[in-house]
Amino acid sequence: DDEEDGEWTAPQVPNPKYKGTWKQRMIPNPKYKGKWVAPKIANPAYKGEWKARLVPNPNYFEDKQPHKLTKIGAIGIEIWTMTKDILFDNFVITHSKKAAEDFAKATWDVKYKKEFAAKPKETPKSKNDPLKQVR
């Protein structure tokens, strides 16, 4: 228990063969000239660091008020799924929560109630259900 006995430390046993921390032996190499660096080759065609050319663009304009958008007439969504019965309908894009709720009540609620009523009810499992004990 650290609280009663303090932190455990390994017992220090003297080792007469210990000669300090180990270091790899270095064999003298008279050909060593220092760390290798790629040689620089003279290039008479060198024109300095590369920079992209600035080409005039006659169609460029700066939008001073990007928050003012034109009305959106369409929306595109691409969804890849293996689940069936996923339907999308009646998208609304708005800043107003009240407008979105009103739109949902007028469109989604009506369709959802009709679709839910038309959906077949699940049949109860038979009495010989082998998974009944597991559930």
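The legends below describe close-up views of a predicted model of one protein chain. Residues are numbered from 1 along each chain as its sequence is written, and hydrogens and water are left out of the side-chain values, which use heavy atoms. Because the model is predicted, local features need pLDDT of at least 70 and side-chain atom pairs count only at pLDDT 80 or more, whereas totals for chains, interfaces and linings use all residues.

**View 1. The protein chain as a whole.** The protein chain has two helices and zero strands, where helices (H or I, at least four residues) and strands (E, at least two) are DSSP runs numbered from the N terminus. Of its 135 residues, 1% count as buried, a class that means under 20% relative accessible area, with exposed set at over 50% and partly exposed in between (1.4 Å probe, protein chains only). The accessible surface comes to about 16,200 Å², of which 58% belongs to carbon and sulfur atoms, as computed by the Shrake-Rupley method with a 1.4 Å probe.

**View 2. The largest pocket and its lining.** About 460 Å³ of space lies in this pocket, a volume that is the space filled by probe spheres set on the grid points. Of the 13 lining residues, Asp85, Leu87, Trp108, Tyr112 and Glu115 are the closest to the centre of the pocket. The lining divides into six nonpolar, two polar and five charged residues. A pocket here is an open set of points on a 1 Å grid where a 1.4 Å probe fits, with protein on both sides within 12 Å along at least five of seven lines, and lining residues have an atom within 4 Å of a point.

**View 3. A nonpolar patch on the surface.** Ile72, Ile75, Ile77, Ile79, Ile86, Phe88, Phe91 and Ile93 form this patch, with about 820 Å² of accessible area together. Patch residues have over 30% relative accessible area and no salt bridge, and nonpolar side chains are joined within 5 Å. Phe88 has its place in the loop between α1 (2-5) and α2 (97-118).

**View 4. The salt bridge of Glu62 and Lys64.** The side chains of Glu62 and Lys64 meet at 3.8 Å, N to O, under a rule that asks for a side-chain nitrogen of Lys or Arg within 4 Å of a carboxyl oxygen of Asp or Glu. Glu62 counts as exposed at 54% relative accessibility, and Lys64 is exposed at 66%.

**View 5. The salt bridge of Asp102 and Lys98.** These side chains meet at 3.4 Å, N to O. Asp102 and Lys98 are separated by about one helical turn, because they are four residues apart in helix α2. Asp102 is partly exposed, with a relative accessible area of 37%, whereas Lys98 is exposed, with 56%.

Technical notes
Nonpolar A, V, L, I, M, F, W, Y, C, P; charged D, E, K, R; others polar. Patch = residues over 30% accessible without salt bridge, like charges linked within 9 Å, V, L, I, M, F, W, Y side chains within 5 Å.
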